[in-house]
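Dear colleague,

Here is the structure I said I would pass on. My notes on it follow below.

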Number of protein chains: 4
Amino acid sequence: MSKLKAILFNCTLKAAGERSSTHAMLSKVEAALAKRDVRCETVHAAGAGIKFGTDSDMGDGDGWPKLHDAILESDILVIGTPIWFGQRGSVCQMVLERIDSMLSQTNAKGQYPLYNKVAGVCVVGNEDGAQHVGSTILYNLMQTGATIPPNAEAYWVGPAGGRDDFVDVALDDPYPNKMAAMMASNLVTLANLLKDHPIPVDENTAE
Amino acid sequence: MSKLKAILFNCTLKAAGERSSTHAMLSKVEAALAKRDVRCETVHAAGAGIKFGTDSDMGDGDGWPKLHDAILESDILVIGTPIWFGQRGSVCQMVLERIDSMLSQTNAKGQYPLYNKVAGVCVVGNEDGAQHVGSTILYNLMQTGATIPPNAEAYWVGPAGGRDDFVDVALDDPYPNKMAAMMASNLVTLANLLKDHPIPVDENTAE
Amino acid sequence: MSKLKAILFNCTLKAAGERSSTHAMLSKVEAALAKRDVRCETVHAAGAGIKFGTDSDMGDGDGWPKLHDAILESDILVIGTPIWFGQRGSVCQMVLERIDSMLSQTNAKGQYPLYNKVAGVCVVGNEDGAQHVGSTILYNLMQTGATIPPNAEAYWVGPAGGRDDFVDVALDDPYPNKMAAMMASNLVTLANLLKDHPIPVDENTAE
Amino acid sequence: MSKLKAILFNCTLKAAGERSSTHAMLSKVEAALAKRDVRCETVHAAGAGIKFGTDSDMGDGDGWPKLHDAILESDILVIGTPIWFGQRGSVCQMVLERIDSMLSQTNAKGQYPLYNKVAGVCVVGNEDGAQHVGSTILYNLMQTGATIPPNAEAYWVGPAGGRDDFVDVALDDPYPNKMAAMMASNLVTLANLLKDHPIPVDENTAE
């Protein structure tokens with residue numbers, strides 16, 4: 001079987017290279033995927049020239065089209081986002097608005113473009129909102145055709161009122177480590193299953 | 001291969017036998033599953049003697065334990081709920097609070113109890129909230145080990161401010177019919193895949 | 001000015017008298033209200049004989065009608081709930097489904113029944129979901145006519161993966177204490193303002 | 001009494017001047033506020049040079065600082081956003097991430113900066129998500145000190161699966177018109193009340 005390919009979106013608001021909790025969590029998942037022989041590409045979304053919009057190509061130097069293609073060439077899609085004000089960050093929402101354009105497209109069989117791909121999510125915040133944010137992202141990817149394996153979220157939040165960052169205080173916390181390992185393991189299992197046994201056409205085409 | 005088994009929870013607030021939009025939507029999914037040779041059991045949750053609580057057995061004539069066992073014996077789990085005040089209904093939340101108890105249990109391999117099962121959701125309301133409600137339910141079942149196939153929700157809501165019920169005005173609307181067919185098709189494909197190829201133990205056990 | 005009256009709903013799943021984090025948080029708010037000379041009544045919702053339904057009176061020994069009246073006689077309404085599976089508990093949702101019935105009623109001026117009342121919320125959970133749950137409850141009460149003052153939620157959650165309860169580990173945490181005091185203070189200020197200056201009729205009646 | 005001032009944020013993804021449902025809904029609210037003698041300023045957020053970030057000033061030609069000041073000079077704040085993939089749009093989230101910075105600031109009395117201001121929200125989408133999105137925005141503004149009056153959201157969504165836009169099919173729908181009028185009326189009443197009777201300092205300062 002050919003090697004699986006994963007694309008991971010780091011949707012931090014920070015510039016590339018800045019110390020980032022989102023990056024730290026995604027790195028755990030990337031390491032767990034690489035250990036399972038998955039070829040990984042991580043995209044720093046805020047620096048990728050993605051334009052606001054809901055089409056696949058917003059023209060004029062838009063950075064999205066090649067990311068769109070990279071998603072279609074991948075078997076595994078992981079979105080990583082910080083929580084701001086209880087919600088997924090603006091960069092993450094901007095990425096999902098561009099993925100939304102896939103709902104007017106199909107694969108060669110007429111199914112939504114993410115059929116036969118699997119998806120997971122990483123979420124980090126100071127104190128609250130990780131499950132809400134994770135559920136919204138996984139749901140959107142499921143709508144676009146992705147399969148969501150068990151335990152497909154790795155998250156961290158501190159206690160109520162906390163202002164600490166994951167990257168500063170919890171890199172060795174066993175809980176996110178466990179979640180990252182579970183997620184990576186199940187992403188690989190389901191991605192291999194769907195590679196070997198693609199979902200057949202059966203009243204599941206897009207129109 | 002032996003026949004697949006599905007369990008569907010109707011979480012309407014209404015008494016059994018009353019005209020119900022939730023029942024109407026679940027019936028579409030049940031028919032689409034039965035057409036694919038799945039053995040279906042539908043549970044009217046409000047009438048099943050389920051007690052408030054978060055343990056698997058709340059004692060004293062609690063109706064949950066046998067439903068708990070019925071879930072474990074199924075390959076496919078579908079939750080159907082009305083939307084009230086924008087959220088999943090109280091009966092649905094009560095059912096999920098009992099499913100929450102599975103997070104302290106495992107299958108024979110040490111994984112969460114819903115591993116190798118697939119899950120979908122039906123949601124109906126007057127005007128708004130179907131995607132939010134659906135995402136919360138699918139997320140909880142994914143946490144407990146279920147795999148979520150593509151397009152695993154069939155829903156209906158009317159326009160803003162509308163007070164009409166699905167069962168009265170939209171039974172022939174092609175949109176929910178299409179969603180029910182897509183969901184049933186993908187539930188069956190993934191359930192069969194996981195029956196033939198159960199998720200192996202690999203850093204994905206519960207502790 | 002006559003004394004303000006507050007009604008507080010404790011929506012724990014536990015029986016009355018059991019050790020409860022929801023009770024512990026509500027007690028902080030009740031003390032802060034009482035200190036400001038507010039007459040408080042706390043209702044243990046799970047033990048109040050409230051029936052599932054969305055009418056004001058579900059007949060046959062339904063415990064809701066007298067609670068419905070008690071809300072209408074109050075100036076301040078506080079809902080306290082645990083978080084289960086990331087959402088407001090089933091008892092809380094059941095209470096809100098009964099409050100939903102107020103959307104087909106009005107006060108003497110034709111406005112929704114909670115006009116000129118103020119509302120706040122208390123939420124406790126192990127690790128996540130407090131802001132999402134709080135926002136849904138405050139929003140529903142706002143829809144029914146309540147005014148929401150600044151900082152109208154007191155919550156506590158522990159860190160990701162935590163299983164500790166508020167009542168066991170955080171009763172002296174300054175953060176929830178601060179939130180309870182802020183909420184009580186602002187509830188009283190706004191309730192007094194609206195008592196002295198009720199919202200006039202001006203394109204804000206219910207039909 | 002001096003004239004009230006309102007600031008309205010149009011968080012459409014579209015360029016200024018493009019036909020926009022968000023603009024159409026905000027216009028209804030603006031007209032209803034102007035009729036009540038409120039001085040209104042509407043900001044097209046996507047075109048205002050706002051940078052991604054969570055500080056009040058992200059430097060280098062950031063368009064936010066003067067909007068930050070304009071909010072502080074206003075009595076009424078209204079956020080208008082489209083729904084994309086069930087959530088508030090990325091431009092709206094970007095604006096709220098900048099408002100988040102106010103949580104580390106205070107007014108002259110030591111309270112959060114939005115104390116004595118009132119807030120409302122406009123939300124438009126094709127089919128679903130208006131109440132969820134509205135609740136998240138109002139909640140964040142309440143956290144930052146705003147008071148939320150009754151019926152503080154005007155929204156429109158079409159039926160499930162619908163792809164029509166508010167601006168094309170529902171400008172004369174009485175439901176959003178009614179909601180816009182209710183919201184404007186109550187925003188003005190509460191803004192005047194708080195202008196005349198600011199919330200006193202009483203255990204409600206930010207630290």
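Between chain B and chain A there are 26 residue pairs in polar contact, both residues at pLDDT 80 or more. A polar contact is a pair of N or O atoms within 3.5 Å; within protein, one must be able to donate a hydrogen and the other to accept it, and residues adjacent in sequence count only if both atoms are side-chain atoms. On the side of chain B that touches chain A, two or more residues each come from helix H4 (130-143), strand E6 (153-156) and helix H6 (174-196) of chain B. H6(B) gives the largest share, 9 residues. Helices (H or I, at least four residues) and strands (E, at least two) are DSSP runs, numbered from the N terminus.

This is a predicted model: local features need pLDDT of at least 70, side-chain atom pairs count only at pLDDT 80 or more, and totals for chains, interfaces and linings use all residues. Residues are numbered from 1 along each chain as its sequence is written, chains are lettered from A and ligands numbered from 1 in the order written, and side-chain values use heavy atoms, without hydrogens and water.

The two chains share 6 salt bridges (a side-chain nitrogen of Lys or Arg within 4 Å of a carboxyl oxygen of Asp or Glu). One of them joins Lys35(A) to Glu203(B), with the closest N and O atoms 2.9 Å apart.

Chain A has 6 helices and 6 strands, in the order β-α-β-α-β-β-α-β-α-β-α-α from the N terminus. Its C-alpha atoms fill a box of roughly 50 × 40 × 25 Å along the principal axes.

Regards
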